[in-house]
Number of protein chains: 2
Amino acid sequence: MSQERVTATYLVETPYTLERAAATIAGEQSTGTFTSVPGETDELKARFGANVEHIEEIGEVDEPSLPGAKPPAGHNGKYRQGRVTVSFPLHNFGPSIPNLLSAVAGNLYELQELSGLRLLDLELPDAFAARYPGPKFGIEGTRKLTGVYDRPILGTIVKPSIGLSTEQLSELVEKLARAGMDFIKDDELNANPPFAPLEQKVKAVMEAIERAADATGKKLMYAFNITGDIDELRRNHDIVVGAGGTSVMVSILSVGLSGLAYLNSFSEVPIHGHRNQWGMLTRSPLLGIEFTAYQKLCRLAGADHLHVNGLNSKFYESNESVLRSIEACTTPLLGGYNTLPVVSSMQWAGTAPATYEATRSVDVMHLAGGGMLAHPDGPAAGFESMKLGWEAAVQGIPLEAYAAQHPALRRAIEKYGRG
Amino acid sequence: MSQERVTATYLVETPYTLERAAATIAGEQSTGTFTSVPGETDELKARFGANVEHIEEIGEVDEPSLPGAKPPAGHNGKYRQGRVTVSFPLHNFGPSIPNLLSAVAGNLYELQELSGLRLLDLELPDAFAARYPGPKFGIEGTRKLTGVYDRPILGTIVKPSIGLSTEQLSELVEKLARAGMDFIKDDELNANPPFAPLEQKVKAVMEAIERAADATGKKLMYAFNITGDIDELRRNHDIVVGAGGTSVMVSILSVGLSGLAYLNSFSEVPIHGHRNQWGMLTRSPLLGIEFTAYQKLCRLAGADHLHVNGLNSKFYESNESVLRSIEACTTPLLGGYNTLPVVSSMQWAGTAPATYEATRSVDVMHLAGGGMLAHPDGPAAGFESMKLGWEAAVQGIPLEAYAAQHPALRRAIEKYGRG
């Protein structure tokens, strides 16, 4: 029997000792039950038990982070926090994302021995790479399909999010494609609505993209939101590919990691992974999952592009956290699974320098909605301003200085830079 | 265009006014963007906008429940809490669970205008019933397959959770089936592990069940954990049905609501829905989803049985919350979708009276692991003690009094009732 193990690191808070909490986690997620039962032998525990590998104390707090923890008799009122690493025999579940989740998360979040639990990281053995091929396109594949090298892939989101007719949408896309834009994505709210069915939308939008490509020589990548039930994913994917589309988008938490892996089993174009609903799993600091762990599962399941929010966005997330996510996505994983981080939300040319300064890389997709489309001189100038913002960033030229020679950037700063 | 709407009720906490927070929620999840863009007309907003239907103030707190909210200038340091009801035009997304999630949850959990957001309830139009057939078996179908009427369906969970060989497992199952038990489920940790592949497990267990059925005249229902990737669900289901099995189990959060709906599109036996990982979505009081809302989605997607924890369990959840979940599961939904609530965790005969007192119903599946298998006189006595516990409950006889005449119950109280 293989000795390969999966390692999970948790942030733990408990009214018990960290040792006791760690043992509870390991027992609950492997051979344990609340009262000994026949068959629970020492040999079985040795072969199938989860092991506590490491415990690192962080400190104590006076109030539990989450409700419902039941302290032991004589509790001193303190809740201990620490990092706990537990390893699980791979043979308990095999290289299966769904069953991995039941093992490393399972019922742990509900245990009354814990007043906080957050999955911080996962280390997976190579058997997962054998089972899950990972993203097929990633950074290089997306560059090849868009023809964009040596700078970020710049794009926008269809706005208004919802309500444009197929005609209005295709007119907008054609205008943006003729403006030279690299990439457009559907809003996550806009998949296959009754008022503008996907099949019609794809046909009209791809015709618009091809018309623009005939004029400009450059074919824009459009990520069609094909989010839907499992039986719709292949149909929707085939509609896009059949019409010459070069990307499909799914809301990963809507279709599940299983749905994403299923899509990746037959997809012929890059999968644009949107992480809406993710806040639910991560915003409570002592609950849920850290993106460092979650992005590994998304990459295993096949996300070629993965949303990570953006600096100074409309969201609660700190810039430090966004940069950690970008770094996580670009850290090598298993057979070199390569995913393009997607920076978005309240982005414009002015967010390029800080993004570059932190990442020191142009291997990023940088999306701006209003920050490009609402440019005072129109979307083409908006796109130009984004390119200029990155040129300045990479060359280390202050934005205002670069703007003095470049009107599109200057006008962007006038519009967006006064907030 | 249809005027049907989906209604979502949220628990909201915000450093802004509730009115402002509600408008932000409605805008973010329909036609809004952070700066006005061309095409965002009043007519479009009227047809596709989400509406704030109701705002109910709860009170104020001094500390934000979640980090990252950015209060407005001149903020008085108070965070307002309230219930906010928003309605969404169905034509924005159609009757699609995955796209419904993007609309009613989406990016909301990450907004910096909010320091807390919890989806409390959902009201769905009938179009969802037309799209999703719901559970095919439910309470009546499960009673028919098990032959158990007029009392709860009583069962157990295979323990130890993981590590029994196929031979050990089938011996245990045969023993329990001969003891007359109604139902057994795999542990959620035990699906299709390399050391005991599902196909071998199903064959051996079903042979054991049939041997016992030949002897007793009663065929035990075994819920085989078929959790796996999408392409494994049909294969695993067919293995179970092909061997004469009468139930399949999935970890709903592992396969996703999409995976559950997919399984339900071809399943021929009741789907036992396990909700491990659920704590991640619900334990922070101002984040995530209330089970009242989530169970509706599980039922739409086809769960015939649905786990709800149990009274006095090993989990953090209060008894009041467990009872709310049982009530939610048994409240009529759309075309009468009927789901059997599954009560488990640290259950034994002694938890029957309080469960019955609160629910006034025997339409429940009551599972005990150690609470039945570790009975001092063996599993058959454990099963007998559970039946006796429910007889006492339904007849309104105090447990101790009933135990005086019934040794199996008395011995259960001696073992489990001293905690």
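Biologist: Which residue forms a salt bridge with E123(A)?
Modeller: First, a heads-up: this is a predicted model, where local features need pLDDT of at least 70, side-chain atom pairs count only at pLDDT 80 or more, and totals for chains, interfaces and linings use all residues. Residues are numbered from 1 along each chain as its sequence is written, chains are lettered from A and ligands numbered from 1 in the order in which they are written, and side-chain values use heavy atoms, with hydrogens and water left out. A salt bridge is a side-chain nitrogen of Lys or Arg within 4 Å of a carboxyl oxygen of Asp or Glu. The closest N and O atoms are 3.4 Å apart here, and the partner of E123(A) is K296(A).

Biologist: How many residue pairs are in polar contact between domain 1 and domain 2 of chain A?
Modeller: An automatic or database assignment sets the domain bounds, giving 5–131 for domain 1 and 138–416 for domain 2. The rule finds three salt bridges between them. A polar contact is a pair of N or O atoms within 3.5 Å; within protein, one must be able to donate a hydrogen and the other to accept it, and residues adjacent in sequence count only if both atoms are side-chain atoms. With both residues at pLDDT 80 or more, the count is 12 residue pairs.

Biologist: How much area is buried between those two domains?
Modeller: Buried area is the accessible area (1.4 Å probe) that two parts lose on being put together, summed over both. Carbon and sulfur atoms give 65% of it here. The total for domain 1 and domain 2 of chain A is about 1700 Å².

Biologist: On to the two chains: how many residues of chain A are in contact with chain B?
Modeller: Contact means heavy atoms within 4.5 Å. Chain B brings 94 residues to it, and chain A brings 95 residues.

Biologist: Which residue of chain A meets R131(B) in a salt bridge?
Modeller: Across the interface of chain B and chain A, the rule finds eight salt bridges. In one of them, R131(B) sits 2.7 Å, N to O, from D229(A).
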